[in-house]
Amino acid sequence: MFQISSEPLDVRALSAAIVGSSSGALVTFEGWVRDENEGQKVESLEYQVYHALATSEGKKLLAETLKKFDIHKISAVHREGHLAIGDIAVWIGVTAGHRGAAFDACCYIIDEIKNRLPIWKKEHYTTGPSSWVYCSDHEHHDDHNDSHHQDSIKIDESEYYCRQLELPDVGIEGQQKLKEAKVVVVGAGGLGCPALTYLATAGVGEIKVIDHDTVTTSNLHRQSLFTSANLGENKAHAAKKRLLAMNPLIDVTTVSEALSAENARSLIAGYDIVLDCTDNLKTKYILNDTCYLSGAPLVLAGIHQWQGVLHTFLPKTSETRENSGCFRCLSQEMPADDCVGSCIDSGVIGVIPGLVGGLQALEALRLILTSSAPTSATHSALIDLRTLSVVKIKRKRNFACPLCGDSPGITDIWPETYEIESNSDSIAEFEIDYEDFRKQSNDFVALDVRSLTQRSATDAITDGFTKDMRHIPQTDIETFRALGDEQKYLLVCQHGISSRHLAATLQAAGQSNFYSLIGGLTKVAQQSAN
Amino acid sequence: MKQVKITYFAELRERSGLDSESFSTDSNSLADLYLELKNKYAFTLDPAITQVALNNEFASMDGSFEDGDEIVFIPPVAGG
C-alpha cells in the first residue's frame with residue numbers, strides 16, 4: 001500500500017496492518033524532520049506533492065519491490081503539508097520470512113522514493129529566507145515519459161508572467177520590483193483572500209499572511225482561497241498552501257497568532273507594505289499607528305453590506321504624507337467594535353469583499369510599481385457597489401491628530417492605548433438577564449426586533465421563546481415611539497447589541513419602559529443548552 | 001433655513017433607509033446637523049465616532065456648512 005497523507009502518521013496501526021503470523025521479520029524506516037540542513041538551522045519544513053503522479057509512481061515502486069525481493073508485505077506513506085521538527089515525514093514497513101530481504105527491500109524503497117517521486121521539500125530556516133531543496137537536483141526517470149506533468153510543476157517564470165510583462169508600468173523592471181517586494185496581509189478572510197490571490201499571482205516575492213482564525217463552513221461562500229477540505233485548518237496555513245499552488249515562484253510565510261499591540265511592530269518589521277484586511281476596528285487602529293511609526297504604507301479597507309471603504313495611509317517617513325493623513329485624522333478616538341455592524345450581524349455576500357479586497361491588492365501593486373502614490377493615498381474611496389458609484393473624498397493631515405498631528409501624543413505602540421471599554425462589558429440599567437426576565441416575565445411584553453432575514457435563520461433551540469413574540473424590525477422607530485411610555489417592553493435581538501442601542505435611543509427620548517435582553521437570543525440558546 | 005444634499009453611508013444608510021436626500025435645516029454646525037438626523041432616524045452612533053465629508057473633502061464635525069453643500073456622513077466600517 002502506498003499513500004500520501006496530510007495527517008500525522010500512526011506508525012503502530014501502519015505496522016499492525018502488514019504483520020501476519022507468517023512474518024519472521026518486520027523492518028521499518030522512519031524519516032524524521034531534523035533541525036538542520038547543510039549547516040543551516042531549520043525551523044520547520046513543508047512537502048508539496050504532485051498527487052496523481054506520486055501515487056501512481058509509488059504504487060508502481062511497491063509492486064516492483066515485491067517482485068524483486070523475497071518479502072511478504074510492504075506499506076509506505078509520505079507526508080505532505082507543513083511539518084515541525086521531529087515529525088515523521090516518511091514511513092516504510094516491510095514484512096518477510098527472514099530479516100535480510102526485509103532490510104534490503106526497505107533500503108531500496110526509501111532510495112527510490114527520493115529518486116523517483118515528485119515530492120518537493122521546502123525548508124524554513126531560523127535565519128534567512130526559506131528555500132526549496134532538492135527540487136532542482138531532483139531526478140526524474142525519463143522512462144515514465146511524463147513530460148507534461150513535469151512542465152506543470154516546473155513553472156517557467158517568464159511564461160508565467162508574460163501577459164503582465166506586456167502591461168505599461170510592469171515590464172521586466174516592474175516584475176523585478178514585484179519580486180523584491182515584501183507585503184504583509186493581516187487577515188485572510190473576505191478581504192484577505194482576494195487581496196492575497198492577486199498579490200501572489202502578480203509575483204510579489206515575499207508575502208506574510210497573519211491570521212489566527214480557523215476555516216469554518218460559513219467562511220466558504222466568500223473566502224475564495226478555501227474549500228471544505230480546509231475546514232478546521234488555520235487560515236494563514238490554508239491560504240499559504242493555496243497561494244503556493246497558484247504561484248510556486250514566490251515565498252509565503254505564515255503567522256497563526258493574532259496581531260496585537262505587543263507583536264505588531266515585530267510582525268511588520270522588514271516589510272514594505274501592509275494590507276489591513278481585518279474585521280475589527282481595534283486591529284485597524286493598531287495597524288494605523290504601527291505602520292505610520294514604522295514607515296510602511298497601510299492599505300486599509302472595510303465593508304458594510306453592499307458598500308466598502310478604501311484608504312491608503314502613507315507613513316511618517318513619506319514626503320507626501322501631508323495630503324494623506326492617517327486613520328486617526330478621520331476619527332481620533334477608537335470606537336468600540338460593537339458600535340458598528342460586523343459581517344456576522346449585517347450580512348455579507350462574497351463579491352463585495354471580493355472586489356474591495358481586490359482593490360487593496362491593486363493599490364499595493366501601484367505602490368510597488370509606480371513612483372507616484374496611488375489615488376487612495378490622498379483620497380478615501382467610498383464605494384457603493386449597488387449603484388457602481390465611487391465617491392472620492394479628499395484627505396489631508398489633521399494638525400490636531402494624536403498620531404500624525406503637530407504635537408502627537410502617540411509616539412510608540414503602547415497596549416493601553418487600545419484598551420477601551422467595550423459597551424458590552426458594562427451593563428446598562430435597562431438591560432435584563434434572561435433568568436431575571438423569566439422571574440418577572442408577566443410584567444413584560446417581549447418584542448422581537450431582529451430583521452426578517454435574521455428571523456428566518458433562527459436557531460431552533462430558541463423557537464419556543466420567540467414563537468409568539470410580536471415582531472417589530474429595529475429600524476421601524478416610529479412604531480416603537482407609538483408604543484408609549486407605560487407598558488414595560490423587553491427588546492430581543494440576536495446578540496443583544498442592536499436591542500441595547502434601540503433601548504438606549506428610546507430611553508433617551510423619555511420611553512424608560514423599554515428594556516434590552518442581555519446577550520440576545522444567542523445567550524438564551526446557550527443557557528437553554530446548559 | 002439651509003437646503004443641503006445629504007448622503008448616507010454604510011450603517012447610517014441601513015438605518016435611514018436612504019441613499020441620499022435633500023434636507024432643510026437650521027443647524028449651524030455639522031455636528032448639530034448630525035444630531036438632528038440621529039434623532040430623526042434613531043442612529044446609534046455618536047458624532048464623535050462618525051466622519052463627515054463636506055463637498056468631497058473630509059471635514060471636522062465642529063465646522064459649519066452653507067446652503068447647497070453636499071454632505072456625506074460616514075460611520076466606521078469594520079466588516080471584512
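## Ground rules

Residues are numbered from 1 along each chain as its sequence is written, and chains are lettered from A in the order in which they are written. In this predicted model, local features need pLDDT of at least 70, side-chain atom pairs count only at pLDDT 80 or more, and totals for chains and interfaces use all residues, while side-chain values use heavy atoms, without hydrogens and water.

The size of an interface is often given as the accessible area lost when the parts come together. Here chains A and B bury about 2900 Å² between them (accessible area lost, 1.4 Å probe, summed over both). Carbon and sulfur atoms make up 58% of it. In contact (heavy atoms within 4.5 Å) are 44 residues of chain A and 27 of chain B.

Two salt bridges link the chains (a side-chain nitrogen of Lys or Arg within 4 Å of a carboxyl oxygen of Asp or Glu). One joins Asp19(B) to Arg386(A), at 2.7 Å from N to O.

## A five-stranded sheet

Chain A holds an open sheet of five strands, ordered S18-S22-S21-S19-S20, with parallel pairing. Strands are DSSP runs (E, at least two residues), numbered from the N terminus. Two strands pair if DSSP finds at least two bridges between them.

Strands S18 (431-432) and S20 (470-471) of chain A stand at the edges; each has a single partner strand, so one side of each lacks a neighbour in the sheet. S18(A) pairs with S22(A) (residues 514-517) over two bridges. Within S22(A), Leu517(A) is the bridge partner of Ile432(A).

Definitions and conventions. Buried area is the accessible area (1.4 Å probe) that two parts lose on being put together, summed over both. Helices (H or I, at least four residues) and strands (E, at least two) are DSSP runs, numbered from the N terminus.
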